[in-house]
Amino acid sequence: MFEWYLIRTTGIIAYVLLYLSVMIGLYTQVQKKRKQKIAVPLIWHESLSNWAFILTLGHVVITLIDQYMSFQWFEVLIPFQTDYQPIPMALGILALYFLILTIVTSKVRKAIGYQAFRKVHALNPILYIFTTMHGLMMGSDFQGIIVAAVNLLPFMFLGILLLKGKKELDASHL
């Protein structure tokens, strides 16, 4: 039973860290368009992403050692290889691979070039959607309305900031 709590806790905390990383990443894009400094928020963005990744790995490892469900390695690493909630499990596995791709390309962005890094980073909405769906479909900790509100309100706020910044930039060019 202890493993079950650890699985839930690591998954929830990893999701919260990913959420914060996404919000800060979007905020830096708004600030970048407004010609503001973004060095400190980018450090936070990367650090939160790294911790989300570490906790996600913990989430997977603890799932493997849980005696109650007793998953095999291929069930938690290969999509659709489990009989237990195959679609939510597959979404979680695919989200893990998107997260690995994001972290690795972030670490080697100088070697692969900024354009390639940006193209891979543009896939992150898929990572976030898969992660959110995995949590909603597998877990019962948060109801859909709470997750929707927590996700929609900041995106609306950032959209308003972006529009305000665009109007200020357009006015300064006149």
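This is a predicted model: local features need pLDDT of at least 70, side-chain atom pairs count only at pLDDT 80 or more; totals for chains, interfaces and linings use all residues.
Me: What makes up the secondary structure of the chain, and in which pattern do the elements follow one another?

Reply: The secondary structure comes to eight helices and zero strands, and along the sequence the pattern reads α-α-α-α-α-α-α-α. The chain has 174 residues, of which 35% count as buried. Among contacts between residues at least 6 apart in sequence, 64% join residues at least 24 apart.

Me: Why is valine 16 called partly exposed, rather than buried or exposed?

Reply: Valine 16 is found in helix α1, and its relative accessibility is 39%. Buried means under 20% and exposed means over 50%, so the value of 39% for valine 16 falls in between and the residue counts as partly exposed. Valine 16 also lies 9.4 Å from leucine 48, C-alpha to C-alpha, while the two are 32 residues apart in sequence.

Me: Where is glutamine 85 found, and why is it called partly exposed?

Reply: Glutamine 85 is found in the loop between α3 and α4, and its relative accessible area is 27%. Because buried would require a value under 20% and exposed a value over 50%, glutamine 85 is partly exposed. Glutamine 85 likewise has a positive phi, of about 40°, although it is not a glycine.

Me: What makes up the contact of α1 with α7, and how do the two helices cross?

Reply: The axes of α1 and α7 come within 11 Å and cross at roughly 150°, in a crossing that is left-handed. On the side of α1 the contact is made by Arg8, Tyr15, Leu18, Tyr19 and Val22, and on the side of α7 by Leu127, Tyr128, Thr131, Thr132 and Met138. By class, these residues divide into seven nonpolar, two polar and one charged.

Me: Which residues of α4 and α7 meet, and which classes do they fall into?

Reply: The axes of α4 and α7 come within 8 Å and cross at roughly 150°, and this crossing is left-handed. Among the residues of α4 in the contact are Ile87, Leu91, Leu94, Phe98 and Leu99, which belong to a group that meets residues of α7 including Ile126, Leu127, Phe130, Met133 and Met137. The residues of the contact divide into 14 nonpolar, five polar and no charged.

Me: What is known of the largest pocket, and which helix gives the most to its lining?

Reply: Rolling a probe the size of a water molecule over the atoms shows where empty space is left. The largest pocket has a volume of about 1000 Å³, and 42 residues line it, with Gly11, His59, His134, Gly135 and Met138 nearest its centre. Two or more lining residues come from each of α1, α2, α4, α7 and α8, and α1 gives the most, with 11 residues. The lining divides into 26 nonpolar, 13 polar and three charged residues.

Me: What lines the second largest pocket, and how much space lies in it?

Reply: About 790 Å³ of space lies in the second largest pocket. It is lined by 32 residues, of which Gly25, His45, Arg118, His121 and Asn124 are the closest to its centre. The elements that give two or more residues to this lining are α1, α2, α4, α6 and α7, and α1 gives the most, with eight residues. By class, the lining of the second largest pocket has 16 nonpolar, 11 polar and five charged residues.

Terms used. Residues are numbered from 1 along each chain as its sequence is written. Side-chain values use heavy atoms; hydrogens and water are left out. On a 1 Å grid over the protein atoms alone, a cavity is a set of points where a 1.4 Å probe fits but cannot get out, and a pocket is an open set with protein on both sides within 12 Å along at least five of seven lines; lining residues have an atom within 4 Å of a point. Grid points are joined across faces, edges and corners, and a volume is the space filled by probe spheres set on the points. Helices (H or I, at least four residues) and strands (E, at least two) are DSSP runs, numbered from the N terminus. Ala, Val, Leu, Ile, Met, Phe, Trp, Tyr, Cys and Pro count as nonpolar, Asp, Glu, Lys and Arg as charged, and the others, Gly among them, as polar. Axes are lines fitted to C-alpha atoms, for helices over the stretch in contact, and angles run from 0 to 180 degrees between N-to-C directions. A crossing is left-handed if the near helix is turned anticlockwise from the far one by less than a right angle, and right-handed if clockwise. Contact means heavy atoms within 4.5 Å. Buried means under 20% relative accessible area, exposed over 50%, partly exposed in between (1.4 Å probe, protein chains only).
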